[in-house]
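Open the model in your viewer and keep the selection tool at hand. Each stop below says what to select and what is there.

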Amino acid sequence: MEPLKVCVTGAAGQIGYSLVYPVCSGEVFGKDQPIILTLLDITPMLQSLQGVCMELQDCSLPLLKEAIPTDDPAVAFKDIDVALLVGAMPRKDGMERKDLLKANAGIFEAQGKALNEYAKKTVKVLVVGNPANTNALIAAKLATGVPPENFSCLTRLDHNRAQAQIAARAGVKPDAVHNVIIWGNHSSTQFPDVAHATVTKSTGQKTPVYEAINDDAWLKGDFIKTVQQRGSAVIKARKLSSALSAAKAICDHMHNWWFGTADGEWVSMGVMSDGSYGIPKGIIYSFPVRIKKDHSWEIVQGLSISDFAREKMDATAAELVEERDQAFQFVSTGAK
């Protein structure tokens, strides 16, 4: 079997460090899929990247054919099949939101152009670095030769958080909770929606979440707030942002993108809006999606939307439109 070429950016950081082992162990792309891994980071982090490569070698992973540390996107993105864009400019004390958008617009404009020039045109791109939805949009618009459906952003972490909260409340394992949805932005405006989700009890019977939990006030209040603010809660507790759970969510996202979703199941992915559910076109928005074994995905259609859900879905869409309009002020011409 031909090796799969996978690039991780920001590979010397916390998430990258937690991510590279499962990517190379067979957990994500299959137990018989050889991997060539390129690790991209800024020049001051090259020594740290060398250390990551030493550790990967010491893991003695049979599927890892080569690990290449670099600060050059031309090397990192050359003929890659998968790009995991983790690296981004973090928000610093005193930094205005527009400053964060400007800094990341520059990073993802450059990476979009580099992907277009060096990566395979079939490359699958997952953007993790925040603001993830808008960063993914910028990269997609600048990679003019790569289909826009090949770009997504990570909302699987929010999806997993929602699933885990429902499981804990219902007293079941997380894999007994099915079809939660994250709508919108990977931010505090996201809408975790369980109106179409079910819980499988020990008897095997599937029960709607609202019936299984039997606490509408919690489901429409503290549950939503907990998922929306979970990242901030982790930072407050750890003094560092989520890394282990983020890496696990990246692996879940890519495993489903590679092998498809189970019959009757969907997952949350930030993808290019086609106008479904009245969401404006031209933004990367988290929808429920089903994925086929050929890596193609489709937005789940026909779900009923309550007035409660409509208001929250529109609010997070409005934030994404505003982000897009601000960020693209800092992007040069030439975007598709």
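Start with Tyr21, which lies in helix 1; helices (H or I, at least four residues) and strands (E, at least two) are DSSP runs, numbered from the N terminus. The model is predicted: local features need pLDDT of at least 70, side-chain atom pairs count only at pLDDT 80 or more, and totals for chains, interfaces and linings use all residues. Residues are numbered from 1 along each chain as its sequence is written, and side-chain values use heavy atoms, with hydrogens and water left out.

Stay on Tyr21. Its relative accessibility is 40%, so it counts as partly exposed. The scale runs from buried (under 20% relative accessible area) through partly exposed to exposed (over 50%), with a 1.4 Å probe and protein chains only. Now show what Tyr21 touches: Glu27, Leu56, Cys59 and Leu61, not counting residues up to four places away in sequence. Contact here means heavy atoms within 4.5 Å.

Next, the aromatic rings. Rings of Phe, Tyr and Trp (its six-membered ring) pair if their centres lie within 6.5 Å; planes under 30 degrees apart count as stacked, over 60 as edge-to-face and the rest as tilted. That rule gives six aromatic pairs. Select Phe29 and Trp258: the ring centres are 5.1 Å apart and the planes stand at 80°, so this pair is edge-to-face. Phe29 sits in the loop between helix 1 (14-25) and strand 2 (35-40), and Trp258 in helix 11 (residues 244-259), 229 residues apart. Both Phe29 and Trp258 are buried.

Move to Tyr285 and Phe287. This pair is tilted, at 4.9 Å centre to centre with 50° between the planes. Tyr285 is buried at 0% relative accessible area, and Phe287 is buried, also with 0%.

Two charged ends come next. A charge sits over a ring if NZ of Lys or CZ of Arg is within 6 Å of the ring centre and within 35 degrees of the ring normal. Arg169 does this over Trp218, 4.4 Å from the ring centre. Lys220 does it over Phe308, at 5.0 Å.

Which residues have the most contacts inside the largest nonpolar core? They are Phe29, Leu37, Leu39, Leu84 and Ile166, in a core of 79 residues. Helix 11 gives the most to this core, with eight residues. A nonpolar core is a set of buried Ala, Val, Leu, Ile, Met, Phe, Trp, Tyr and Cys residues joined through side-chain atoms within 4.5 Å. Select Ile166 and show its surroundings: beyond four places in sequence, it touches Val177, Val194, Val199, Val209, Ile213, Trp218, Leu219 and Phe223. Another core, of 31 residues, lies apart; Ala76, Leu101, Val146 and Phe151 are among them.

Now go to His178, in strand 7 (residues 177-178). His178 is buried, with a relative accessible area of 14%. Its side chain makes a polar contact of 2.9 Å with that of Glu265. A polar contact is a pair of N or O atoms within 3.5 Å; within protein, one must be able to donate a hydrogen and the other to accept it, and residues adjacent in sequence count only if both atoms are side-chain atoms.
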